[in-house]
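Hi there,

Here is the structure I promised to pass on to you. Have a look through it first, and then read my notes below.

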Amino acid sequence: MSIDLDYIRRLAENHEGVDVEFKETTGQLDRGMETLCGMLNGTGGIVIFGVKNSGKIIGQEVGDKTTRMIGEALRRFEPSVEIQPKYVKLIDSDKQLIAFEVEGNNPDRPYSYDGRPYQRHDSVTSVMPHDRHSRMIMHRGGLKYNWDTLPNENLKFEDLDESRIHWAMRQALELGRLKDGAYTRDPIAILEKFKVLKNGVYSNAAAVLFGKDFFYYHNCIIRLARFRGKDKREFIDNQQIEGNIFDLLNEVTPFFLKHLSVTSRMEGMYRKDELEVPITALRECCANALAHMDWRKTASVGVAIYDDRIEIENAGMLPEEIPAAQLTYDSHILVSHTSEPPNETIARVMYYSGVIEHWGRGLLMIFEDCKRAGLKQPMVTDEKGVVRVTFMRPDLSGRKNDTINDTINDTINDPINGTISDPINDLKSSTIDDSVTDPINDPINGTINDTINDTINDTINDTINKNEKMIYDRIVSSPGISAVALADELGKSIITIKRSLKHLVDLSIIEYRGSKKTGGYYSR
């Protein structure tokens with residue numbers, strides 16, 4: 001669009017904004033160039049000299065000294081940028097307006113002015129934080145500068161979990177995310193197909209995806225905490241689990257099942273038990289946190305459960321085109337944004353193996369699952385180099401027990417059937433009576449006998465036995481394990497194993513994936 005007096009008048013009527021800035025005179029030239037730098041690092045905009053903040057057009061005199069100052073200021077941009085000032089004369093006056101217009105989303109960003117990078121937020125210009133500046137530099141450099149693609153000369157094959165490598169390949173083939181012709185039993189060839197091994201040198205991605213020793217990778221940890229109340233003053237449970245990405249993800253589901261409540265609803269003649277916050281949304285959020293984390297930092301992924309909310313956080317930043325404040329139910333950004341993972345190799349392997357279900361659709365799936373469950377929309381924040389997703393827990397008034405595990409602790413010994421109650425199976429197969437006493441929050445009344453009397457009719461027929469608990473635990477630790485392997489490891493007959501597996505499948509605790517010959521069992 002041509003910049004003329006009518007165009008500037010229309011801008012002045014609408015006042016300043018993220019892409020429009022007014023300055024009275026070139027006496028504020030440096031401040032105007034800082035704003036222009038922020039616009040270059042954002043979505044573009046226009047800076048006009050000769051207009052008051054109120055939008056009143058006053059113009060200014062322009063001489064050789066003014067044009068010389070402007071030329072000197074434009075040379076202080078780095079990288080160098082071609083910006084041509086536009087001079088617009090006022091009617092019946094010798095004064096002029098000076099306009100500088102730039103486009104945004106330039107592949108050469110981040111730009112700096114006089115040695116400092118700037119950013120634009122609403123109508124405010126500020127110095128760009130170091131984390132955002134570093135991320136832009138990495139993006140400008142291209143994939144070859146990403147942390148996950150950098151070589152680790154000291155990493156050897158013996159440092160990797162070979163069984164996990166084969167598992168990832170089987171998953172990719174069974175899910176159809178790699179062609180059948182890609183199949184190989186050679187773990188070295190698999191790693192090359194996953195692009196974590198090149199010319200005999202392993203990348204950082206190989207270590208965090210398939211590693212066994214994390215001496216040099218201190219953030220291969222997931223922090224799991226359950227706090228009493230709504231702040232961090234008192235722990236109920238506190239764990240730090242070390243492992244590769246796939247091992248860490250195996251730990252989050254049991255933790256959620258242990259500390260979150262179950263809700264029930266009827267579908268026709270059948271009762272359906274569900275976690276208060278969809279486990280699919282929570283697990284996808286944890287997978288995204290690991291995939292998109294800034295692995296250069298020492299901070300690890302954290303999961304914190306409070307009485308009123310669940311927070312999942314990771315070091316990093318959201319992409320420029322995904323403003324956190326605009327992530328709401330039915331937001332077009334959830335549907336329209338493109339996937340630009342900062343760790344493309346890590347994200348690709350997680351997608352191949354089925355850990356990330358849909359490339360570039362993680363946030364959309366999380367929001368859709370929560371909306372379908374009737375929950376308040378998750379809140380996403382992106383501040384000080386930390387991305388945090390907060391899920392608000394529903395108000396389960398009338399349910400006195402804080403967690404599934406509270407009941408499990410009270411009914412650990414069933415005097416009638418001699419079975420051991422298990423939080424994972426209670427989550428899937430039973431609901432908890434509203435009158436159950438919480439032994440943590442009400443230690444006086446939370447005795448074993450009181451709780452058994454309250455819950456025995458609800459749980460006696462729904463709990464699973466010790467053998468089924470052992471089978472489930474083995475499936476969690478060895479995803480994709482077969483019935484034959486379970487029978488060998490547990491010393492049980494194949495008939496007994498298959499009977500138990502069928503029960504667990506019927507309870508929706510586990511599922512079978514793959515063909516009859518090469519498939520196996522996985523936790524849900």
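Predicted model: local features only at pLDDT ≥ 70, side-chain atom pairs only at ≥ 80, totals over all residues.

**What I found**

Residues are numbered from 1 along each chain as its sequence is written, and side-chain values use heavy atoms, with hydrogens and water left out.

That bridge belongs to the pairing of strand 9 with strand 11 (residues 201–203), which is antiparallel and runs over two bridges. Strands pair here if DSSP finds at least two bridges between them. Helices (H or I, at least four residues) and strands (E, at least two) are DSSP runs, numbered from the N terminus. The open sheet has three strands in the order 9-11-10, with antiparallel pairing. Strand 9 (151–152) and strand 10 (197–198) are at the edges with a single partner strand each, so one side of each has no neighbour in the sheet.

For the overall picture, the protein chain has 18 helices and 21 strands. Of its 524 residues, 51% count as buried (under 20% relative accessible area; exposed is over 50%, partly exposed in between, with a 1.4 Å probe and protein chains only).

How do helix 16 and helix 18 pack, and at what angle? Helix 16 (residues 466–477) and helix 18 (residues 494–506) have their axes 10 Å apart, at an angle of about 75°. That makes the two helices roughly perpendicular (65 to 115 degrees; under 35 is roughly parallel, over 145 roughly antiparallel, the rest oblique). On the helix 16 side, Glu468, Ile471, Tyr472 and Ile475 meet Ile497, Ser500, Leu501, His503 and Leu504 of helix 18; contact means heavy atoms within 4.5 Å.

Now for the aromatic rings: the whole structure holds 14 aromatic pairs. Rings of Phe, Tyr and Trp (its six-membered ring) pair if their centres lie within 6.5 Å, and planes under 30 degrees apart are stacked, over 60 edge-to-face, the rest tilted. Tyr329 and Phe367 are edge-to-face, because their planes stand at 90°, with the ring centres 6.0 Å apart. Tyr329 sits in the loop between strand 17 (309–315) and helix 10 (332–336), and Phe367 in helix 12 (residues 362–372), so this pair ties together parts that are 38 residues apart in sequence. Phe367 is buried, at a relative accessible area of 2%. Tyr512 and Tyr521 are edge-to-face too, with centres 5.0 Å apart and planes at 70°. Here Tyr512 is partly exposed at 35%, while Tyr521 counts as buried at 14%. There is also an aromatic cluster made of Trp167, Phe194, Phe210, Phe246, Tyr351 and Tyr352.

Two single residues are worth a click. Gln171, in helix 5 (residues 162–174), is buried with a relative accessible area of 2%. Neighbours within four places in sequence aside, Gln171 is in contact with Tyr352, Ser353, Arg513 and Tyr522. Met33, in helix 2 (residues 29–40), is buried at 0%. Setting aside neighbours within four places in sequence, Met33 is in contact with Phe49, Ala73, Leu74, Phe77, Phe100 and Tyr113.

Happy exploring!

Methods:
Axes fitted to C-alpha atoms, helices over the stretch in contact; angles between N-to-C directions.
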